[in-house]
Amino acid sequence: MGIANKHVILGVTGGIAAYKSADLARRLREQGAEVRVVMTLNAGQFITPLTMQAVSGHPVHSDLLDPEAEAGMGHIELARWADVVLIAPATANFISRFARGIADDLLTTLCLATQAPIALAPAMNQQMWQNPATQDNIAILNNRGVPILGPAVGDQACGETGPGRMLEPVELIEGVSKLFESGALEGCNVMVTAGPTWEAIDPVRGITNHSSGKMGYAVAHAAAEAGARVILVSGPTALQTPPRVDRVSVLSAQQMYDAVMSKISDTDIFISVAAVADYRPRASADEKIKKHADTLSLELIKNPDILSAVAEHKHVYTVGFAAETTNVEQHAREKLISKGVDLIAANKVGAGKGFGTEDNALILVDRTGLKSLPQARKARLARCLIDEISQRRNAKSTSQDTRQARR
Ligand code: PMT
């Protein structure tokens, strides 16, 4: 599925392989990734920030205590912005500092502050790579699940031969792309609803809401990256269908209900992100309503509750969203019970929150308790949500199997 549209922080540390980082940045962009470069002080001895700025298309970040940089995209914003951090080249010194959690410059601090996966592309002299100190550090990082890409074996800039060459940019891009393909939902049929609904008043007017579809499309994308077959039932949005996702476009809540129900028997997981109108006009006028009268009354009738209807199909693992302006946790718990679903992902909505934004934060509530997914880009949050859903669904079917075996 690749690296297209992913936000990549390319960390460059001070080794001779830094000359390849420019080509790496260029190729990442060619594949559709957005790239921001963070360089250590020593990296600047091998390749200039100006070169990296030219190939990445953005100013290079290198100073932790630069008030100007912090006022723009500071280390916390960078940490939140990233879908992945790729350190290439990663020197023995950087690996050691990262393994120990040292945070004394921008790159190491950012690595502690980000929730995004961090991949390392080691590059150093072969003796340094094989040194027990380096190998201990690599073992620490392996235990932590940090992806180590390479190194390759071959001739080195220092004239020696052995393990320690940085992987080529194409190999690194392949390695990073794989990080987004967890396989957690391999073989699953997932249905996601997204966007607003449109409840027609007459041929030119309707009742709708501020949902942009961004959250739901991100969830559909993340499910496809996790290996699922995904159907996205979408209200009207301006968004492109994510790769490997089948989209069914609808307007009204009733149409969304019909589209969902027609495919529910083949669905394993249902994730209801759409902001569905609870009510619709009893009748939609055939012609445009003229403004003759001083007042106009609309009679509204209730729409079907799609999520509750799906929850009655017990073979489906059902996830609802809850958009709340106050008492988020309490309302989420109430919706979990009243709608009879397996999991509620609740978010706060209101001025600058939830609807239409790039970032979001979720509180997950199920019958075992509560978990917060802190503020992050919707794409990243969606990947975390998909991981959570996959784990919880597995745990549910294991406990069901155990109960059945006891009978
Ligand atoms: O699209 P974005 O701009 O990215 O914004 C994302 C979002 C704020 C819309 C999203 O994160 C979100 O919160 N979606 C749910 C919005 C909502 O309708 O919440 P609710 O609390 O009113 O509904 C609870 C659940 O019931 C939701 O899963 C909803 O999809 C579902 N529902 C509601 C009414 C109805 N008739 N049928 C339903 O299935």
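A crossing of two helices is right-handed if the near helix is turned clockwise from the far one by less than a right angle. Keep that in mind for the first stop. One caution before you start clicking: this is a predicted model.

**Stop 1: helices 1 and 2**

Select residues 21-30, which make up helix 1, and residues 49-56, which make up helix 2. Their axes come within 8 Å and cross at roughly 15 degrees. Angles under 35 degrees count as roughly parallel, so helix 1 is roughly parallel to helix 2. Apply the opening rule here and the crossing of helix 1 and helix 2 comes out right-handed.

Now show side chains. On the helix 1 side, pick Ser21, Ala22, Ala25, Arg26 and Arg29; they meet Thr51, Met52, Ala54, Val55 and Ser56 in helix 2. Colour that contact by class and you get 5 nonpolar, 3 polar and 2 charged residues.

**Stop 2: the sheet under those helices**

Walk through the pairings. Strand 1 (residues 7-12) pairs with strand 3 in the parallel sense over 4 bridges; click Val8 and its bridge partner in strand 3 is Val84. Move along to strand 3 (residues 84-90), which is joined to strand 4 by 4 bridges, again running parallel. Pick Ile87 this time, and the bridge partner in strand 4 is Leu120.

**Stop 3: strand 4**

Zoom to residues 118-122.

**Stop 4: helices 5 and 6**

Next, select residues 92-99 for helix 5 and 106-113 for helix 6. The axes come within 10 Å and cross at roughly 40 degrees, which makes helix 5 oblique to helix 6. This crossing is right-handed. At the contact, Phe94, Arg97 and Phe98 in helix 5 meet Leu107, Thr108 and Cys111 in helix 6. By class, that is 4 nonpolar, 1 polar and 1 charged residues.

**Stop 5: a loop residue**

Go back to the loop between helix 2 and helix 3 (67-71) and pick Leu65. With a relative accessible area of 73%, Leu65 is exposed, because anything over 50% counts as exposed. Leave a label on His75 while you are here: Leu65 and His75 are 10 residues apart along the chain, and their C-alpha atoms are separated by 9.6 Å.

**Stop 6: the 8-stranded sheet**

From His75, jump to Ser272, which is 197 residues away in sequence and 34 Å away in space, C-alpha to C-alpha. Ser272 lies in strand 12 (residues 269-272), part of an open sheet of 8 strands in the order 11-10-7-12-15-16-17-18, with mixed pairing. Strand 11 (245-249) and strand 18 (369-377) are the edges, each pairing on one side only. Ignoring direction, neighbouring strands of this sheet are turned by 20 degrees against each other on average.

Strand 7 (residues 189-194) pairs with strand 12 in the parallel sense over 4 bridges, and Met191 stands opposite Phe270 in strand 12.

Back on Ser272, what does this residue touch? Leaving out residues up to four places away in sequence, Ser272 touches Thr193, Leu307, Val319, Gly320 and Phe321. At 8% relative accessibility, Ser272 counts as buried.

**Stop 7: helix 14**

Finish by selecting residues 378-406, helix 14, and pick Glu388 within that helix. Is Glu388 buried or exposed? Glu388 is buried, with a relative accessible area of 9%. Leaving out residues up to four places away in sequence, Glu388 touches Leu364, Lys371 and Leu373.

Conventions:
Residues numbered from 1 in each chain as written. Predicted model: local features only at pLDDT ≥ 70, side-chain atom pairs only at ≥ 80, totals over all residues. Heavy atoms only, no water. Axes fitted to C-alpha atoms, helices over the stretch in contact; angles between N-to-C directions. Helix = DSSP H or I, 4+ residues; strand = E, 2+ residues; numbered from the N terminus. Parallel < 35°, antiparallel > 145°, perpendicular 65-115°, else oblique. Contact = heavy atoms within 4.5 Å. Nonpolar A, V, L, I, M, F, W, Y, C, P; charged D, E, K, R; others polar. Buried < 20%, exposed > 50% of the residue type's maximum accessible area, 1.4 Å probe, protein only. Pairing = 2+ DSSP bridges.
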